[in-house]
Amino acid sequence: MGQEKKMRIRNREFQTQGHTYVMGILNVTPDSFSDGGRWNDRDRALRHVEEMIAEGADIIDIGGESTRPGYTLLPVEEEIERVVPVIEAVRGTFDVPISIDTYKAQVAKAGIMAGVHLINDIWGLKYEGNMAAVIAESGLPCCLMHNRKNMEYESFVDDVCQDLEESAQLALKAGIDPGKLILDPGVGFAKSYEQNLEIIHSLERLKKLGYPLLLGCSRKSVIGLTLDLPADERLEGTLATTVWAAVSGCMFVRVHDVKENVRAIKMMEKIINIH
């Protein structure tokens, strides 16, 4: 189990407990569910990264394949062509830590060679058998998300915990340092509307697995369905989940709207730590 109090990502020490950091989303995709096509030009991507850093982003998460419901699987070569130039440009321009959002070992390897500092795998090392080995060899930290190919749960929260524990064990067996693991409950992946709400509610339970948590709810359908709002009007709902993440002790939230989420966390943490 991960017991470290700090995790080094790039040249920065992140506390694994006591503060919630903000991971800003940079989708270099034409078809992402809420900002598809907005940042898949190098110069526009750099301007957006600059903006997110100014607003308080602690890390930038770069993804080249949309994983919205019904997404089209992207060939490895095309995904690499999308993300590597942007990773290199961001790394060469800013000193912010960079993560790559991919579940494919070849893309992860290309991202590592381009200079990323964290691997964010939405399949929790279960999509390709050599993903864990690639990360282990790099020595980088990783975020392992809950996902599965079916929604047949016997006991939903118990099953999610078991699935995440399996991902953690895959990491440990490959030689990944337990102090470099972050777990993500996978809101919006292989879960019904009610199950998404339940897993957000269950963060305290997930913390008992012994690893830092990342919560990614930004603009997702669970918010749209609750508030009956389109993707570009889900900021307030996202902020509610971010405040919940801070109260529950998550290490990261992954968001589109950096400034507002940073402010919400700052306010919540001031209330939490008044004594």
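Q: What handedness does the β-α-β unit of E7, helix H5 and E8 have?
A: In this predicted model, E7, helix H5 (residues 156-174) and E8 form a right-handed β-α-β unit.

Q: And how many bridges pair E7 with E8?
A: Four bridges pair them, in the parallel sense.

Q: Which way do the E7 side chains point?
A: From strand E7 (residues 142-145), Cys142 and Leu144 point one way, while Cys143 and Met145 point the other way; all are buried. In general, side chains in a regular strand alternate between the two faces of the sheet.

Q: What pairs with E7 besides that, and how does the chain get there?
A: Strand E6 (residues 118-121) pairs with E7 over three parallel bridges, and aspartate 121 stands opposite leucine 144 in E7. The chain passes from E6 through helix H4 (residues 131-138) to E7 in a right-handed β-α-β crossover.

Q: Zooming out, what is the strand order of the open sheet?
A: The eight strands run E8-E7-E6-E5-E4-E3-E10-E9, with parallel pairing. Strand E8 (181-184) and strand E9 (214-215) are the edges, each pairing on one side only.

Q: Changing topic, which residues have the most contacts inside the largest nonpolar core?
A: They are Leu26, Ile62, Val90, Ile119 and Leu206, in a core of 66 residues. Another core, of 12 residues, lies apart from it and includes Ile9, Leu118, Leu214 and Met251.

Q: Where is the bridge partner of leucine 26?
A: It is isoleucine 62, in E4. Strand E3 (residues 21-27) and strand E4 (residues 59-63) run parallel, joined by five bridges.

Definitions and conventions: Residues numbered from 1 in each chain as written. Predicted model: local features only at pLDDT ≥ 70, side-chain atom pairs only at ≥ 80, totals over all residues. Heavy atoms only, no water. Pairing = 2+ DSSP bridges. Helix = DSSP H or I, 4+ residues; strand = E, 2+ residues; numbered from the N terminus. Core = buried A, V, L, I, M, F, W, Y, C linked by side-chain atoms within 4.5 Å. Buried < 20%, exposed > 50% of the residue type's maximum accessible area, 1.4 Å probe, protein only. Right-handed = clockwise from strand over helix to strand, strands pointing away.
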